[in-house]
Amino acid sequence: RTLDSWLFLFLDLCVPVGLTGTKLGCAEGGCGACTVMLSKYQPTSSPLGEWVSGPLCSLHHCAVTTVEGIGSVAGKLHPVQERMPKSHGSQCGFCTPGIVMSSMLCSGTTLHPAMAGHRGGDSKVNFGVKLVGVATVSVCKTVITNAACSSLHPADFLPLDPTQEIIFPPELMVDTLTHQHTRGVNTNTYLTPSLSVYLFHYLSVHHSLCIEMKFKNLLYPVILAPGYIPELNTIQHTDEGIVFGASCSLTLLGDVLKAAVGKLPPYQTEVFNAVLEQLRWFAGLQIRNVAAIGGNIMTASPISDLNPVFMASGCKLTLMSKGGERVVVMDEKFFPGYRKTILTPEEVLLCVLIPYTKKGQYFAAYKQSPRREDDISIVTSGMSVTFAEGSTIVKHLALSYGGMAATTVMAKNTASRLLGKQWGEELLQDACSSLAEEMTLHPSAPGGMVTYRRTLTLSLFYKFYLTVQQKLGAYIEGVRADYISATEIYHQTSPSSVQIFQAVPDGQKEEDVVGRPMMHLSALKQATGEAVYCDDIPLYENELYLCLITSTKAHATIQSIDTAEAESMPGVVTCVFAKDVPGSNMTGPIVYDETVLADATVTCVGHIIGAVVADTQAHAQRAAKAVRITYQELQPVIITIQDAITHQSFFQPVRTIQRGDLDQGFTQADHILEGEMHMGGQEHFYLETNVTVAVPKGEDGEMELFVSTQSATKTQSLVAKALGVPASRVVIRVKRMGGGFGGKESRSTTLSTMVAVAAQKPVRCMLDRDEDMLVTGGRHPFYGRYKVGFMKSGKVVALEVTYYSNAGNSMDLSLSIMERALFHMENSYSIATIRGRGYVCKTHLPSNTAFRGFGGPQGMLIAESWMSDVALSLGLPAEQVRRLNMYIQGERTPYSQILDHITLDRCWDQCLEISSFTQRRCHDVLCVFRDHRWTKRGLSVVPTKFGISFTAAFLNQAGALAHIYTDGSVLLTHGGTEMGQGLNTKMVQVASRTLGIPSSKIHITETSTNTVPNTSPTAASASSDLNGAAVHNACEILLHRLEPYKTKNPKGCWEDWVSTCQSYTVLFLIGWTPDLGYDFETNTGRPFNYFSYGVACSEVEIDCLTGSHKNIHTSIVIDVGNSLNPALDIGQVEGGFMQGVGLYTLEELKYSPEGYLFTRGPGMYKIPAFGDIPTDLTVSLLRDAPNDKAIFSSKAIGEPPLFLAASVFFAIKDAIIAARKESGLSGPFRLDSPATPERIRNACEDRFTKLCPPAEPGTFTPWAVVV
């Protein structure tokens, strides 16, 4: 059929074929949700298949296997599909199919034995996993729990069935590939086996095709697939080195080089080992399977991992054109400018020669990135030195760097300066001084991190210097023992984990599943791709697609909007703007201070101005980019908290909590300390972006919306307001979400109202990742100033803290978030006199919103910062000072709430015990401090006290609707929404115990506003408490109605009783804990129903030269009361903790001074990967800690664990303290969050950092600002 150039495999799977198991999480190769398996027959002797990335047309002769193709719930599960859910490894489940398919490759999927004998047993079919959007595998916010749980045994799993192995279609096993031409609407795609055809007829070479077509809206008249040209895929071993065809994949490159390293003398393979080291961290296996060595070179990326290696080693490139061949050396002249090479328009890259190294030559490559796994580089380098025979005199030196200019560059001046010098300390000093002069960057350089990048050029050379010195041991004195760690190559230790929970009491009935580690009810469907998410709903007849039109200015008036070009494009139906809103254009979750569509003025980049509605997603997106808007920019443009303070731009009111006489408290203190800290925001990065399907019902203004939202009722009311109809005409339905984390509590309504307004026919919109990150906002950045008074013992007696949050351009939930930050300003510590004040800053950014913890993680981190400063200033162990100040039973909080049933001390003591804290402190940390100059370990133990309830008292309610059918089955509906946390599973457990029936008889379909009305958002960690109580009460009423029938037939069973009863349904709305509430004016009330407590101990190791760190160990003890479901609760602890690891150590939003968000996808915004999980992770649920204030004595679990990741942040700070001591530095110092490699390295001050001082603030315009 005719295929448009934009049609990638993912779109073909989802729409025409209907295979919705494969998900699109980012469309740029960063998340892994869209992984499928491609297999291709290789008629050549190449040991590995090539995996073609790009349009569907390019997959000629490939077999595609999706998650649906390996197993199903109704049929038979594949062992990988079975083990993940049974080991509690799936929560929201949106990325689970991608992880399953990735695991298929990692587990070594091979050809079915029946096919292995085909053609004499010489199997030439190769399998690989790829991402159909273009992607690689990482880890979503939902973290896989330990797959080898002690409660599971081999007998619990189905045995491997050989018939489930992948069979390659025999009809695709052809030895020759004929010329293939597919004509599309906008392009022609050619798969040609002929180099002459490639050169002389259809010359058009392009790399990063998918990314540019997707994100730059580029169209190409001709697309070629060089992976099918034999001359571009050959491998030759020569006297000089190994020649690789330009289209050889990076996987193939790695395999060939690895084989060569195993056979050749070590002195010949230094470059090969360097390439292999870079490939270890180059994207994921899926990308390496499709990325070509030639493509890597020709994209001319200034931060390429491999180009510095190729340049430093002097690789030779063979270029070909109609006029013949020429050979060039890849040197400093090869890249004449940004994304440019010396190739003429008529030339193509034919092959690459990677040379052998010679005796006396030493080579190394380095890469530094924000995240070790699957990340783009900050600075990368290749370094080569050759010595005069039998000496340590430098004969030749090549130093190549990426990330230090618009191109990959050579440090020519430094190399020349060091020729003829002895390899030693004098050379090192000269090299560093020269590199500091030569490798300069303008303070405004794109990418920012200028001081860090300059320091890295020195640090990486120093690593190379030590590595070479170590290899020259026969000629010069070896490396100092305490410096050796700087030469070591990182290797991931095999991870291990332990989960500890209390078994159910002896005698508990087998059918009573409360307290048992019951599997998530949707887990099996998630692992097979059968779980239905919002965008999986089949297309309606005549359905249209919507794409947003957003502002490119942060603060401006709209002068004109020109839609002429857009409306003339194929498939476009209409454009929608503010004038088309039939009801009210004002919206907002609490205060109506926002617009559905911008009217006259825009107040942030990403402000929604309008939308294009078209017949397909591609047509809508293309037309939206064609809309022309002119602006008149306004002043001031307020982007950062500091901007807001300068302009006094604050939302009202300013909140204050105070207890005691502050002046008197500071007078009593032995010491007074002042400090400040900034904590960055965080993107929710739910794998399923915001999505809505709106279906008008055709009469009375009725409309049904399928929405991925945590707040069905709020969505209903705001959609009705925009449509100008009563809320009773609008029905919101939520089956499940692919993650929420608070981001779909209020901001999802932004999209839902827009889609509803446009829906004259059924209209659908699922935001692309970059759109979602641009328009929805995230966690509030916070800036805190503090003044703390304390005694010589470390006891804190007075505290004054001021918080500033960056709310963005509307109030949203920001005031409530600031209030919770103030409620947690003392964390777990008892302070006699205290005052906290909170300012909500109004800025020209997209409105920030709820995020797991809701202000608590910000307030508590700043509390731990001043606690750390107190310990540092006194020279006392931080754990000693923390323990001294911790709350005890019966004490009052600053907001006058008495703490009862406090378990902080038990959590603390157990955490120290299971983590072997004393041994770690005495052995690991102190020994590493003594024995290693450039590697330091840090250890920290941090408590948390998290208040449970909505601080808006009226939200502490829930509803449940229960139906009992005459066959004995039960249909249950409640007011909460399922986003992976297992709420539906827990509600089934509650109903099962209450009704006394097996959980298999109970079913939950969805959450909808026409079954349970006026619901509270699924938020504040209170959903199990609230909805569990409602479900329990509803089931109790039904049991009461059944009692007469049970009395009449005492020997009957459940089915007998319900078959005779006439009242099967009950809606129960429960008002929960009416005594909740707090008055800021009088500092009286009871804001929380109870508190969740926990303690975490973490150990980390930092590289003082690069700022990288690895998480070695974490032990967590947390009080969850009597757990409703230990498996789900432990999953929440592990997932929340890892989300906190991202918040405090990794995830960094970067905005331009004009308010443009740079970090709009996984390419630049990094969430934790699998390798960021602590190598040794223990989670223990506190035993014997029942909570009489919640359902079945349980406690909330969603938000409390996140802050425990602060133990990693302060362990990093502990390691930095050790590094600073080496440079003679002591006492408190500022470390902002997140503790990125940049911040870690800059804090580890030494002789290298002194050579690269930062530019004076105010003398330049930074590339990115701290918001």
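Contact here means heavy atoms within 4.5 Å. With that cut-off, Trp 423 touches Val 385, Phe 387, Thr 392, Val 394, Phe 461, Phe 464, Tyr 465, Val 468, Gln 469, Leu 472 and Ile 476, leaving out residues up to four places away in sequence.

This is a predicted model: local features need pLDDT of at least 70, side-chain atom pairs count only at pLDDT 80 or more, and totals for chains, interfaces and linings use all residues. Residues are numbered from 1 along each chain as its sequence is written, and side-chain values use heavy atoms, with hydrogens and water left out.

Start with the whole protein. It holds 34 helices and 44 strands. Helices (H or I, at least four residues) and strands (E, at least two) are DSSP runs, numbered from the N terminus. Of the 1267 residues, 64% count as buried. Buried means under 20% relative accessible area, exposed over 50%, and partly exposed in between (1.4 Å probe, protein chains only). Among contacts between residues at least 6 apart in sequence, 78% join residues at least 24 apart.

Now go inside. A nonpolar core is a set of buried Ala, Val, Leu, Ile, Met, Phe, Trp, Tyr and Cys residues joined through side-chain atoms within 4.5 Å. The largest one has 151 residues, and Tyr 401, Trp 423, Phe 461 and Trp 866 have the most contacts inside it. Helix 14 (residues 450-471) gives the largest share of this core, eleven residues. Another core lies apart from it, with 97 residues, including Ala 556, Ile 608, Ala 759 and Val 1267.

Helix 23 (residues 814-823) is an enclosed element. Ten of its ten residues are buried, so the rest of the structure largely encloses it.

Next come the annotated positions. UniProt, in an unreviewed entry, places a "binding site" at Cys 26, Cys 31 and Cys 34; such annotations may be inferred rather than shown by experiment. Cys 31 sits in the loop between helix 1 (9-17) and strand 1 (35-41), and Cys 34 is in the loop between helix 1 and strand 1. Cys 31 is buried at 10% relative accessible area, and Cys 34 at 1%.

The unreviewed entry also gives "binding site" for Gln 710, Phe 741, Arg 852 and Ala 1020. These span 311 residues in sequence, yet no two of their C-alpha atoms are more than 12.4 Å apart, so they gather at one spot. Arg 852 is buried, at 10%, and its contacts include Phe 741, Gln 1132 and Glu 1199.
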